[in-house]
Amino acid sequence: MATRKKTRQSAEEAVDKPFQALQRELQEAGYLEQDITFSSARAIIVGFLCALPFVVLFGVIYRLFLIDRAQLSDAGGIAFYIMVLVIVAVSVIIHELLHGLGWAIFGKKGWTAIQFNISALMPTCTCQAALTKRQYLAGVLAPFLVLGLGSAIFLLIYPGTISVVTMMVNFVAAGADLMIAVSVCRQPNDVLIADHPSQAGYVAYGKIDASYKK
């Protein structure tokens, strides 16, 4: 038990130390800091509400225009639940990789600023560099644009149980990202954004005491 606790503490320190160093660097450069993070409950609830319109839209399209040629599976069999678990597991891994890819491509430090971790048995990705709004949004929205819209196209091409579940999983998984993206868009254009390493959200840095908004 003690070994597990030490391992968890070491992992948390490995994530927090680069973030704390970045904080000191920006504060010494004269930037003012505003923590804009969201509780897990808010991220889940608001994120689901952000994803819901997309799920409903493509669900209606599927029901009205695609169901006649849908490839349906037994929703009550063990194979169905295995399929859902596989879709969720694969989608979550690709989701986090896309966050890293977006920040690596559009950020100035590339992959050297990207860190992948495991938290509560789930993979996570964080960027350890201060980014402009556009750079940060590129990474935040990458899973929605690639997996969310990509799974919607998959549904249109190959309607059925697998594509419906894939569409729902990937839009819901991107819901909190949409919530964060809306918050980032409301910030002043000249702010720098640092991804929070352990909470949903980010820290905004500005040279003046700007009006930050969640």
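These legends describe close-up views of a predicted model.

**View 1. An open sheet of 3 strands.** The strand order is β1-β5-β4, with antiparallel pairing. β1 (32–38) and β4 (192–195) are the edge strands, and each pairs on one side only. From one strand to the next, the twist averages 25°. Between β1 and β5 (residues 200–206) there are 7 bridges. Glu33 has Tyr205 in β5 as its bridge partner.

**View 2. A charge over a ring: Lys207 and Tyr31.** The charged end of Lys207 lies 4.5 Å from the centre of the Tyr31 ring and sits over that ring.

**View 3. The stacked pair Phe54 and Phe171.** The ring centres are 5.4 Å apart. The planes meet at 15°, under the 30 degrees cut-off, so the pair counts as stacked. Phe54 belongs to helix α2 (residues 40–66) and Phe171 to helix α5 (residues 161–173). Phe171 is buried, at 0% relative accessible area. Phe54 is partly exposed, at 27%. Ring pairs join Phe54 and Phe171 with Phe58 and Phe144 in a cluster.

**View 4. The edge-to-face pair Phe80 and Tyr81.** The centres are 5.4 Å apart, with 80° between the planes. Phe80 is buried, with a relative accessible area of 17%. Tyr81 is partly exposed, at 46%. The whole structure holds 9 aromatic pairs.

**View 5. Phe154 and its contacts.** Phe154 is in helix α4 (residues 133–157). Leaving aside residues up to four places away in sequence, Phe154 touches Pro159, Ile162, Ser163 and Thr166. Its C-alpha atom is 8.9 Å from that of Val164, 10 residues apart along the chain. Phe154 is partly exposed, with a relative accessible area of 31%.

Key. Residues numbered from 1 in each chain as written. Predicted model: local features only at pLDDT ≥ 70, side-chain atom pairs only at ≥ 80, totals over all residues. Heavy atoms only, no water. Pairing = 2+ DSSP bridges. Helix = DSSP H or I, 4+ residues; strand = E, 2+ residues; numbered from the N terminus. Axes fitted to C-alpha atoms, helices over the stretch in contact; angles between N-to-C directions. Buried < 20%, exposed > 50% of the residue type's maximum accessible area, 1.4 Å probe, protein only. Contact = heavy atoms within 4.5 Å. Phe/Tyr/Trp six-rings, centres within 6.5 Å; stacked < 30°, edge-to-face > 60°. Lys NZ or Arg CZ within 6 Å of the ring centre and 35° of its normal.
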